[in-house]
Amino acid sequence: MAWQHVDDLPLQETIREVVKAQGIIELYPPQQEALPLVMEGHNVVLSVPTASGKSLVAYLAILDAALRGKKSLYIVPLRALASEKWEDLQPFRDLGVRVGISTGDLDQASSHLAGYDIVICTSEKADSLLRHGAGWLSDVEIVVADEIHLVNDYSRGPTLEMVLTRLRVMNPHLQVIALSATIRNADAIATWLQARLVQSDWRPVPLKEGVFYRDTIYFLDGTEKTVAGKGATESLVTDILEDGGQALVFVNSRRSAQRYAHKLMEAVDIFLDSERAALRQAAEDMRSPDDATVIAQKLAECLEHGVAFHHAGLLHRHRTLIESLFRQRILKCIVATPTLAAGVNTPARRVVMQHIYRYSGEAGCMVPIPLMEVKQAMGRAGRPGYDEVGEAVLLAKSREEKHRLMEEYLRGEVEPVYSKLGSEPALRIHLLALIATNFAVTRDEILEFLGRTFAAHQAGTVPQDTVEDILLFLEENGFIARSGIWKATLFGQKASSLYLDPLSALKMREALEAGRGSDFGYLHAVCATPDMRCLYLAKRDQWVEEKLEQEKLLLTPPLPMSPDYEWFLAEVKTAALLHDWIEEKHEDAIVQRYNVGPGDIRSKVEIAEWLLHAMRELARQFDFEAVTPLTNLIMRVTYGCREELLNLVQLRGIGRVRARALYNAGFRSVNDLRGVSIERLARVPHIGTVIARSIKEQVE
C-alpha cells in the first residue's frame, strides 16, 4: 500500500483538511513507509534524521485514535518538547480532540488528565502517574515514545525504559510508536518492542557535511567551497547570511558561547533590516528588574545586533525567546552549547561545529563529544520550506585533523545505544516503585518483570545478585517488609510517591531525627541527597570550610581525610548558594561567587523546592515540629526572599527585587497598598506606571 499524498490516507476528512491547511500535501518517503504499518496497529520504531517527518506519523495515529474514542499517551524527554508537541496539536481542537499536557507535580496523581484524549508528558511524569495509580492509564491504547534512543542516557533512560515496560505489561495489546534519531542498533530496540523497524537516511532538505580548513569547505561528496574572510567562524557565518540563510554555531562551553556571540555582533549586525524593532523589544524584555543580571545584559546587547548565545545557564524564558526569534528568522545567528541540538526545533541553513572536544568533570580533562551528539547537532542544518540544502561544517586546524574529522566524524557510524537500567541507583529507585505500587511483590514477579526490559533484552539476563542486594538494602532501612510477599512500609510508600531516590529519603529521615534545624541545616540536608545535582568544588572555594564553622548541620560530616569529604563540601557549597538566594543576595553576586548562570540558580531552586516539599511530608512522620519551618523555607526558596517579603511577592508581577523596593518604601504588606495612588506607587524604584496599575487592580 502506497500513500503518497495526505488525501490518500484512510483518515477522517476533518483531520486531512487541518493537515493540508498547514501546507502538508505530499508525504515524505519515511512517512509513506511507516504510516500503513502504524494505521494497521503495528508497533513501529521510526529511525530517521531530524526534520524527516517523524512527529506527523505519530500525530496522525493518535488523532485518528482520538476520533475513534481511543486514548493515547505521548512521552517526551523535555518539558520544552512537551510544550512544542502541545502547540503542534492545538489546530485539531476544533475537531473535538482534547489534548492535555503535564510535566510537573511528580507527587500527584493528576486525575484531571483522565478527561483528555491525548496526554503529553515527560517520562518522569508518566512514571509518577504509574506510582500514583492513575486508573486512566489502563485505558491508554497507543503510547508514543519520542527520542527513544535516550534509553542510552544515564539520567533519563532508565525511567523511559521502565515506563514502557510497565505500560506494555499492563496492556498486552498496547500499540507503541517509538521515534528516534538515526542510530546504529535501532533493530535492537525494535526487537525489544516487537515492532516493525522503519529506518532511513532520507531528509526533506539534503545535508552536505564538510570540514573547513584554510578558507575552504571540503564536503563529503567531493565538492569544495571557498569561504574567505577574517576568522573561520565569522567567515562561515557571514557567508551564509549573505545568501539569506541563518547560522547555528555549536561550541563546547558556556563561556565560549558568550565570547563568540559577542565577537559576531558587528559582523551579523549589517544583515539586519526590518528585524531591528523586534530585536530591540526582545532586548528590553530581558532587562526586567527581577532578571537583570550581567549575563542578561550581555545577552540583550547581543540580541540587538541579531545574534544570541544559548546554554543551560540562561533563564528558561530567555532560551524560549531566543528559539522563537530564530524560528521567525528575526534572529540571524545563535552560538550554543550542544544542549540546543537535543531541544526544540531550531533549524538553520548552516551549522558550524566549532569544537568536537569538551571538558569532562568526571574524567578531569577534555574528551571527544559523542558522535551521536555531533550528528544530532549537524542534523539541524536545512530548514524545510526555506532552504534547498543544509550545510554542516566542522573546523580543522591542520591537514591531519581535516583527514581525521572526515574519517571519524563524517564517515563514522554513530554509537549504538545501551540500556542504563542495570546500574544500582536506577534499579534501587524503580524496584521500590514496583513494590510500593503492588506491581511486583515477590522475587519471581520482580525478576519476571525485569526480564521484559531492554536491559535484559540486551544482556540476555537479569542481574539477580544486584536485585538481591537492593532488596536487602530496602528491607534493612525500613522501606519494605516481608510477610510472604514484599510490602512497602509507610516510609517506603511515602518515598516512592514523593518520587525520591531511597537514599535521599534516608538522608532526610536522618536529618529530621537529629532534631530541629536551622534554615541552612535543612538546605544542606536536601543538598546532601543524590537527587540534588550539586555544584563542583573549585580551587578558589576555600571559603566553604569557613562556612562550616558558622552553620549548624543536621547531618554528621565525614572526616576531612575521608574520600567523601570533597563531595560533602560540594553539598555545603550548593546549600550556601540556596541560602544566599533566600537572603536576597544579588543574582550577579551569586553568579560570580558560584560560577553559575541564572538558569543554574533557577534549576537548583526548582529541585530544592521539590526536595524540601518531600522533606516536609516526611516530617509529618518523623518530626512534626519541622513542618512549619519547612513550609516557610519552601516559600522563601520559591521567591528567593527573606520572610518579611512573603506577603508582597505573592502579587502578580512582583518578584523579590520589586517586593524589596516596596518594602523599603514603607509598604510592608498587601494591605498597606490599598488606597495608594498609582502615581505614588509608580515613583517606587523598579515599579513604574504599568506595574503600579497592575498592583492597584490586584489589591482593590
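These legends go with a set of close-up views of a predicted model.

View 1. Start with the big picture: the largest nonpolar core takes in 177 residues. L73, I189, V335 and L394 are the ones with the most contacts inside this core. Zoom in on I189 and look past its neighbours within four places in sequence: I189 is then in contact with V45, I148, V151, I183, V417 and F454. Apart from this core lies another one, made of 41 residues, and V38, I62, V97 and V198 are among them. As a bit of background, nonpolar side chains in soluble globular proteins tend to be buried together.

**View 2. Strand 1, covered on both faces.** Which residues of strand 1 sit on each side? V44 and L46 are on one side, V45 and S47 are on the other, and all of these are buried. Strand 1 has strand 6 (residues 175-180) as a parallel partner, with 4 bridges joining the two. Look for L46 here, since its bridge partner in strand 6 is L179. Strand 7 also pairs with strand 1 in the parallel sense, again over 4 bridges. There, V44 has R196 as its bridge partner in strand 7.

**View 3. Two loop residues with positive phi.** A51 turns up in the loop between strand 1 (44-47) and helix 3 (54-67). Its phi is near 70°, a positive value in a residue other than glycine. Is A51 buried, partly exposed or exposed? With 32% relative accessibility, A51 counts as partly exposed. Now move to the loop between helix 7 (186-192) and strand 7 (196-199), where you'll find Q194. Q194 isn't a glycine either, yet it has a positive phi of about 55°. Q194 is exposed, and its relative accessible area is 64%.

View 4. Strand 12 (residues 307-310) is covered on both faces. V307 and F309 are buried on one side, while A308 and H310 are buried on the other. Strand 12 runs parallel to strand 13 (residues 333-336), and 4 bridges join them. How does the chain get from strand 12 to strand 13? It passes through helix 12 (residues 316-327), and this β-α-β crossover is right-handed.

**View 5. R636 and its salt bridge with D519.** The side chains of D519 and R636 meet in a salt bridge, at 2.9 Å from N to O. D519 belongs to helix 21 (residues 519-527) and R636 to helix 26 (residues 627-639), so the pair ties together parts that are 117 residues apart in sequence. Who else is around R636? Leaving aside its neighbours within four places in sequence, R636 is in contact with D519, W581, I582, E583, C641, R642, E643 and L646.

View 6. How many salt bridges does the structure hold? There are 40 of them, and this view picks out some. R276 forms one with D269, where the closest N and O atoms are 3.2 Å apart. R276 is partly exposed, with a relative accessible area of 29%. D269 has a relative accessible area of 19%, so it falls under the 20% limit and counts as buried. K696 and E700 make another salt bridge, and their closest N and O atoms are 3.0 Å apart. E700 counts as exposed, at 55% relative accessibility. Which residues are linked in a network of salt bridges? K225, D239, R350 and E391 are. In general, side chains of opposite charge can pair when their charged atoms come close.

Technical notes: Residues numbered from 1 in each chain as written. Predicted model: local features only at pLDDT ≥ 70, side-chain atom pairs only at ≥ 80, totals over all residues. Heavy atoms only, no water. Core = buried A, V, L, I, M, F, W, Y, C linked by side-chain atoms within 4.5 Å. Buried < 20%, exposed > 50% of the residue type's maximum accessible area, 1.4 Å probe, protein only. Contact = heavy atoms within 4.5 Å. Right-handed = clockwise from strand over helix to strand, strands pointing away. Salt bridge = Lys/Arg side-chain N within 4 Å of Asp/Glu carboxyl O.
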